[in-house]
Amino acid sequence: MPDTLRTVALLAAVITSGLIAGLFYAFACAVMPGLRRAADRTLVDAMQRINVAILNGWFALTFAGAPVLTAVTAALHLGGDARRALPWAGAALLFHCAALAVTFAVNIPLNNALDAAGAPDRLADPRLVRDRFEATWVRWNLVRAAASAAAFGCLAWALLV
């Protein structure tokens, strides 16, 4: 396997991993703390809008691209001298899988429930909707932010070895 292909795959994995880790981090340290200070209807409205807006090609490219490119990187580093990076790529893949598991098991169902609650201006009890969403979503977003950051760190280290 040419070293150039391995390096390009690893760099692409590092970049997409950094972008997705940065997104989850931004929610953890800016978006959700900002919305914590907002009224109940405002939080519900903002998160419903974000959940629609985030479903775009750029997000899909990084969200799916990070684990896929990490898996490709691991596969390309299976042989010879390239094996030094394999444990780090493998660890990164495990961290990405953890973040995906949290996203699909917790965050997406909470997003769907928030959407199913209906239009914020028509909610009888926006506080109840918020209470069923916010604390759990924030807690598990921290987990996926940490897992994604760990994946990024492992891949960055793989560049060095």
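Colleague: Which element provides the largest share of the lining of the second largest pocket?
Modeller: Please bear in mind that this is a predicted model. The second largest pocket is lined by residues including Asp 3, Arg 6, Thr 7 and Leu 10. The elements that contribute two or more residues to this lining are H1 and H5. The largest share, 4 residues, comes from H1.

Colleague: How many residues in the lining of the second largest pocket are charged?
Modeller: The space in this pocket comes to about 180 Å³. Asp 3, Arg 6, Asp 81 and Arg 84 are among the residues that line the second largest pocket, and Asp and Arg count as charged. Beside 6 nonpolar and 2 polar residues, the charged residues of this lining number 4.

Colleague: Turning to the largest pocket, which helix gives the most to its lining?
Modeller: The largest pocket holds about 370 Å³ of space. Among the 20 residues that line it, those closest to its centre are Asn 51, Ile 54, Leu 55, Ile 108 and Asn 111. Helices H1 (3-36), H2 (40-53), H3 (57-76), H4 (86-116) and H5 (126-160) each supply at least two residues of this lining. The helix that gives the most, with 6 residues, is H4.

Colleague: How many residues of the lining of the largest pocket are nonpolar?
Modeller: Two of the residues closest to the centre of the largest pocket are Ile 54 and Leu 55, and Ile and Leu count as nonpolar. The lining as a whole has 2 charged and 6 polar residues, while the nonpolar residues number 12.

Colleague: What is the volume of space in the largest cavity?
Modeller: A cavity is a space where the probe fits but cannot get out, whereas a pocket is open. The structure holds 1 cavity of 30 Å³ or more. The space in the largest cavity is about 50 Å³.

Colleague: Which element supplies the largest share of the lining of the largest cavity?
Modeller: The lining of this cavity includes Ile 20, Phe 24, Thr 62, Phe 63, Ala 66 and Pro 67. By class, the lining divides into 7 nonpolar, 3 polar and no charged residues. H1, H3 and H4 each supply at least two residues. The largest share, 4 residues, comes from H3.

Methods: Residues numbered from 1 in each chain as written. Predicted model: local features only at pLDDT ≥ 70, side-chain atom pairs only at ≥ 80, totals over all residues. Heavy atoms only, no water. 1 Å grid on protein atoms, 1.4 Å probe; cavity = no way out; pocket = protein on both sides within 12 Å on 5 of 7 lines; lining within 4 Å. Points joined across faces, edges and corners; volume = space filled by probe spheres on them.
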